[in-house]
Amino acid sequence: MLLIDCPYCGPRPEVEFRCGGEAHIARPAQPADMDDKAWAEFLFIRSNPKGVHAERWIHQHGCQRWFNALRDTYTDAFIETYEMGTKPSRLPDGRTTR
Amino acid sequence: MAELAGSASAARRQPALAAPPVLWAGVAIQVLPDEARFSLRLPKAAAATAAEVAGFSLAVPVNRYAKNDQRWSARLGPNEWLLGGPEGDGGAIAAEIEAALAGQIHGVTDISHRQVAFDVAGAEAANILNAGCPLDLSLVGFPGGSATRSILGKAEIVLMRPASAPVFRVECWRSFAEYVHAFLAEAARDCPARE
């Protein structure tokens, strides 16, 4: 079984987790100022890359905390998990941030 | 509102499950008697510095279990604890926690009636739990003093191992109790006794 490294509990089996879609999508500060196209893009359009992807995950049947993960959508390998509100050590395009 | 006979405020507690002990070679599965249980949540900063509240040890690492006299605590997440104590102490525990945390932001919920506990004990206990629980339950992966939320088959459970001995405590919601009990009994029946 695939093990996912929960930032709070350590490596745990994948069936305890749920995926919450793409991470790091900030809600626009002034939604009223946006036109329909921009708003629809914020709501529905996601990056869907083949390769490294930043996602939100929750350890539903464990500590029940949300966290972020970098996962390769092609190999299904988890590259890194990190707490909400923090940044990964590398960006999905491969550049390092710290 | 119609008042119950006897006490006006106390709800009558019906057992969720009245199953006899399941005894097979290498394992015994028993429904444990009722206990008082509480779910305690604290904000991040308070959780990091919390030491002891109403006799419950909170300063344990995540996914660890601690017991003081008759009161036990299991840290299920960075700011969540499952607390347990004797059945008759429920009111006293709630009052003591409220008094200890007065003025602080916290959440404490009585979940005694929601929970059903099982004891799975014996040399084959880990194998039987592994029929539906994907955790590594060896002494390396789940040493004495471990406690965590996990799953058993399709039901969510809290699994505790108070000591190194192969005695596990499984807690589940009462609506899952029949399923969890049947699942464990089935796994025990299929488990061959070792020579």
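In this predicted model, chain B has an average pLDDT of 90, and 93% of its residues score at least 70. The exception considered here is the stretch formed by residues 1–6 of chain B, over which the pLDDT is below 50. Beyond near neighbours in sequence, this stretch has 2 contacts in the model. Where pLDDT is low, predicted coordinates should not be read in detail. For the model as a whole, the scores are an ipTM of 0.87 and a pTM of 0.88.

The two chains touch each other through 11 residues from chain A and 12 residues from chain B. On the side of chain A that touches chain B, 6 residues are nonpolar, 3 are polar and 2 are charged.

Within chain A, 4 strands form an open sheet with antiparallel pairing, in the order β3-β4-β5-β6. The edges of this sheet are strand β3 (18–22) and strand β6 (78–83) of chain A, each of which pairs on one side only. When direction is ignored, neighbouring strands of the sheet are turned by 30° against each other on average. Strand β4 of chain A covers residues 52–58 and strand β5 of chain A covers residues 66–72; 7 bridges join these two strands in the antiparallel sense. As one example of this pairing, Trp57(A) has Phe67(A) in β5(A) as its bridge partner. In a regular strand, side chains alternate between the two faces of the sheet.

Two residues in loops of chain A were examined for their backbone geometry. Most residues other than glycine have a negative phi. Asn48(A), although not a glycine, has a positive phi of about 50°. This residue is placed in the loop between α1 (36–44) and β4 of chain A. Asn48(A) is exposed, because 8 other C-beta atoms lie within 10 Å, and the cut-off for an exposed residue is 12 or fewer. Gln64(A) is likewise not a glycine and has a positive phi of about 60°. Gln64(A) is found in the loop between β4 and β5 of chain A, the two strands that are joined by 7 bridges. With 14 C-beta neighbours inside 10 Å, Gln64(A) counts as partly exposed.

In chain B, strand β11 (residues 146–152) is mostly covered, with 6 of its 7 residues buried. β11(B) runs antiparallel to strand β12 (residues 155–161) of chain B, and 7 bridges join the two. Among the paired residues, Arg149(B) has Val158(B) in β12(B) as its bridge partner. β11(B) and β12(B) form a hairpin with 2 residues between them. In the turn of this hairpin, Gly153(B) has a positive phi of about 60°.

Elsewhere in chain B, helix α1 comprises residues 44–49 and includes Ala47(B). Ala47(B) counts as buried because it has 20 C-beta neighbours inside 10 Å, and a residue is buried if 20 or more such atoms are found. Leaving aside neighbours within four places in sequence, the contacts of Ala47(B) are with Leu42(B), Pro78(B) and Asn79(B).

Conventions
Residues are numbered from 1 along each chain as its sequence is written. Chains are lettered from A and ligands numbered from 1 in the order in which they are written. This is a predicted model: local features need pLDDT of at least 70, side-chain atom pairs count only at pLDDT 80 or more; totals for chains, interfaces and linings use all residues. Two residues are in contact if their C-beta atoms, placed from the backbone, lie within 7 Å. Ala, Val, Leu, Ile, Met, Phe, Trp, Tyr, Cys and Pro count as nonpolar, Asp, Glu, Lys and Arg as charged, and the others, Gly among them, as polar. Two strands pair if DSSP finds at least two bridges between them. pLDDT is the predictor's confidence in each residue, from 0 to 100. Axes are lines fitted to C-alpha atoms, for helices over the stretch in contact, and angles run from 0 to 180 degrees between N-to-C directions.
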